[in-house]
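Grab a pencil and work through these exercises one at a time. Try each task yourself before you read its solution.

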Amino acid sequence: MKIYTKKGDTGDTGLLGGTRVPKYHLRIEAYGTIDELNACLGMLADHEVALDHITLIRDIQGNLFVIGSHLANDEAASHFTLPPLPPHATELLEHSIDQMEAELPPLKNFVLPGGHPANSAAHLARCVCRRAERRIVELSQEIAVVPEMIVYLNRLSDWLFVLSRLLSHRAGAREILWNG
């Protein structure tokens, strides 16, 4: 199978089911941002200090593929049965947040991204996650979107924030406090 099809050379792309839409379509923007988030998580996972969270990061990446497939699916034109998000995916993030926060000093200030490369990578992923959430919320005004996807992304951005703090803490890096 060739990687290039030349079907998108005119500026449109196909959804699951065959419907063609412009590459700037909100649906494409939404699942493209999910893809970008997945790449950010892959980069985050490459940091040695993140190895304790590699299993969860890989699970999250799989969940993002599930979300992306739902966003790429034109239900009216396709006959695909797509996998749902795992039933307790959001609760798993919440449990992990609680565990990480138990290891961290209480948050008393706003913190700025930086201080350690893994911290910065987690913050970049958090920002892309927030953008993906915004795009999907906007898309939900046009098409039916599985509400759990929005909840999951909202919690994922929280998880990434707490993870950024934990990675700095474990690396012995100081958090950069915002004193505005």
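Contact here means heavy atoms within 4.5 Å. You're looking at a predicted model, where local features need pLDDT of at least 70, side-chain atom pairs count only at pLDDT 80 or more, and totals for chains, interfaces and linings use all residues. Residues are numbered from 1 along each chain as its sequence is written, and side-chain values use heavy atoms, leaving out hydrogens and water.

**Exercise 1.** Find which residues Arg165 touches, not counting those up to four places away in sequence.

*Solution.* Start in helix α5, where Arg165 sits; helices are DSSP runs of H or I, at least four residues, numbered from the N terminus. Next, list the contacts of Arg165: Leu104, Pro105, Pro106, Leu107, Asn119 and Glu175. Then zoom in on Glu175: its side chain makes a polar contact with the side chain of Arg165, at 2.6 Å (a pair of N or O atoms within 3.5 Å; within protein, one must be able to donate a hydrogen and the other to accept it, and residues adjacent in sequence count only if both atoms are side-chain atoms).

**Exercise 2.** Decide: is Arg165 buried or exposed?

*Solution.* Buried means under 20% relative accessible area, exposed over 50%, partly exposed in between (1.4 Å probe, protein chains only). Arg165 has 6% relative accessibility, so it counts as buried.

**Exercise 3.** Work out what helix α2 (residues 54-72) should span at 1.5 Å a residue.

*Solution.* The rule is 1.5 Å times one less than the number of residues. With 19 residues, α2 should therefore span 27 Å. Now check the end C-alpha atoms of α2: they are 27 Å apart, which agrees. Finally, the buried residues of α2 pack against α1, α3, α4 and α5.

Notes. Helix = DSSP H or I, 4+ residues; strand = E, 2+ residues; numbered from the N terminus.
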